[in-house]
Amino acid sequence: MEIWKRNLYICSCATFIVSVGTSQLAPILPLYISDLGITDTDEVARWAGIIFSGNFLMLAIFSPIWGRLSDRYGRKRMALRASFWLAFVLAGMGLAQNVGHLTLLRLLQGALSGFQGACIPLIAQETPQEHSAWALSIYFTGQVTGALIGPLFGGWLSGFVGYRGSFFVMGGLCVLGFLAILFVRETFQPTSARKQITWTAAAKSLRSPHLILGLFLTTLLVQFAIISILPVLTLYVSELSDGGVPIALVAGCIFSASGFAGMISASRIGDLADHKGEARILFASLLLAALTLVLQGVARTSWELGCLRFCMGIATAGLLPVINALIRRYTPEEAFGRVYGVTQTFQFIGMFLGSILGGHIAAALSIPSLFFLSAALLLFNAFWCRAYLWNT
C-alpha cells in the first residue's frame with residue numbers, strides 16, 4: 001500500500017478512537033457537575049455551558065501555536081503529544097473534587113490538545129494534490145463517526161462504571177489513539193528553528209492571501225451555522241411534536257440524522273471534489289445547506305425536520321474537507337502547520353460563538369429566525385465562493 005494511503009487510514013482510525021473518547025463528555029457533563037456538589041438546575045446549566053464552550057475558546061487561542069511547532073518538529077510528533085495530553089487530562093477529570101477542578105482541566109484540554117490540528121496537515125502534506133479532497137473526507141468521516149458513537153457509548157458506559165470511571169475510559173481510548181499514530185510514517189522533514197520561516201514570511205509565501213482569508217471566514221461561518229442550532233434543537237422538536245411523543249428519543253434521532261448522513265456521504269463528495277473541482281462542490285454544498293436551513297425553519301412536524309437534518313448532513317459533509325483541500329492548494333508545504341492552525345482557530349471561534357450565541361438569538365427573535373439567519377450566512381458565503389473561487 002502507498003505510504004500516503006497507509007497514513008490516511010491510520011490517522012482516520014486514530015481520530016475515530018479519540019473522537020469516541022472525547023465526545024462521551026457531552027451527555028454526562030451535567031450529571032457529573034451535579035455529582036460534584038452543584039444542585040441548583042440553573043447553576044448546573046450555567047456551569048455546563050462554561051465548561052463545554054471553554055474548550056473551544058482555548059483551542060482557538062492555542063491552535064496556531066501548536067501549528068507553528070508542527071512545522072518545526074513534525075506533525076506526527078504533535079499528534080503524539082496531543083493524544084498523550086488528552087489521555088492525561090481526561091483521566092484527571094475523573095479525579096476532580098469540585099467544579100473548579102473540572103473547569104481548569106477542561107481549559108487545559110483545549111490548551112494542550114490540538115490532535116485534529118496535527119493530523120489534518122499531516123494528511124495534507126502526505127497526500128497527492130489530486131486526491132486531497134477525498135483523503136480529507138475519509139479522515140473527517142472517521143471523526144464524525146466517532147463523534148456519533150461516543151455519546152451513545154458514553155451514556156451506556158456510565159451506567160456500568162460511573163461518571164468518574166467514564167473519564168478513565170476516555171483517557172484509555174486516547175492512549176489507543178496515541179499508539180495508532182506511532183505507526184504513521186511521516187515523510188515531511190521538519191525545518192530547524194534557524195531555517196524556519198517567520199509568520200510574516202509564511203503569510204507572504206501564500207499564493208492567494210485574500211482567498212485564504214476568505215476560506216478562514218467560511219470555516220467560521222459554517223461552524224457558527226451548524227453549532228448555533230444545536231442548543232435549541234430539542235426545544236424546536238418539542239414545539240413540532242404532538243403530545244405523547246417521546247421527545248428525548250425523537251430529538252436524539254434528529255441530532256444523529258445529520259451526522260449519519262455525513263458519515264455515509266463524505267467520501268463520495270470528496271471524490272467528486274477531486275474530479276469536478278473543489279470550488280464547485282463548495283458552492284453547491286453551501287447552497288444546499290442554506291436551502292435545508294430555510295426549510296427547517298418552516299418545518300411542520302418533527303419528522304420533516306429529521307428528513308431535512310439528514311439532507312443538511314449530506315450538504316455539510318463536504319464543507320470542511322473541501323475547504324481544507326482548497327487551503328492546501330494555496331499554501332506552501334513549509335507553512336502547512338501554521339496555516340492549518342489558524343484554520344482551526346477560525347473553526348473553534350465559530351463553534352464557540354455558535355454555542356454561546358445560538359440560544360440567545362433564538363430567545364430574542366425565535367427559533368425559526370435562527371435557522372433563517374444561519375441560512376443567510378451560508379448563502380452569502382456561497383456567492384463569495386462563486387465570485388472568487390469558481391475559476392481557480
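## Burial

A residue counts as buried when its relative accessible area is under 20%. By that cut-off, buried residues account for 55% of the 392 residues in this protein. The model is a predicted one.

## Overall fold and dimensions

The protein contains 16 helices and zero strands. Its radius of gyration is 20 Å, close to the 21 Å given by the globule rule for 392 residues, so the protein is as compact as a globular protein of that length. Along the principal axes, the C-alpha atoms fill a box of roughly 60 × 45 × 40 Å.

Contacts in the protein between residues at least 6 apart in sequence were also sorted by separation: 86% of them join residues at least 24 apart.

## Surface and charge

The accessible surface of the protein is about 16400 Å², and carbon and sulfur atoms hold 69% of that area.

Charged side chains number 25 positive and 17 negative. The centres of these two sets are 11 Å apart.

## Helix α16

Helix α16 covers residues 367-388, which is 22 residues. From first C-alpha to last, α16 reaches 32 Å, close to the 32 Å expected at 1.5 Å a residue.

Note on methods: Residues are numbered from 1 along each chain as its sequence is written. This is a predicted model: local features need pLDDT of at least 70, side-chain atom pairs count only at pLDDT 80 or more; totals for chains, interfaces and linings use all residues. Side-chain values use heavy atoms; hydrogens and water are left out. Helices (H or I, at least four residues) and strands (E, at least two) are DSSP runs, numbered from the N terminus. The radius of gyration is taken over C-alpha atoms; the globule rule is 2.2 Å times the number of residues to the power 0.38. Buried means under 20% relative accessible area, exposed over 50%, partly exposed in between (1.4 Å probe, protein chains only). Contact means heavy atoms within 4.5 Å. Accessible areas come from the Shrake-Rupley method with a 1.4 Å probe; for residues, only the protein chains shown count as cover. Lys and Arg count as positive and Asp and Glu as negative; His and the chain ends are not counted. The place of a charge is taken as NZ of Lys, CZ of Arg, CG of Asp or CD of Glu. The expected span of a helix is 1.5 Å times one less than its number of residues.
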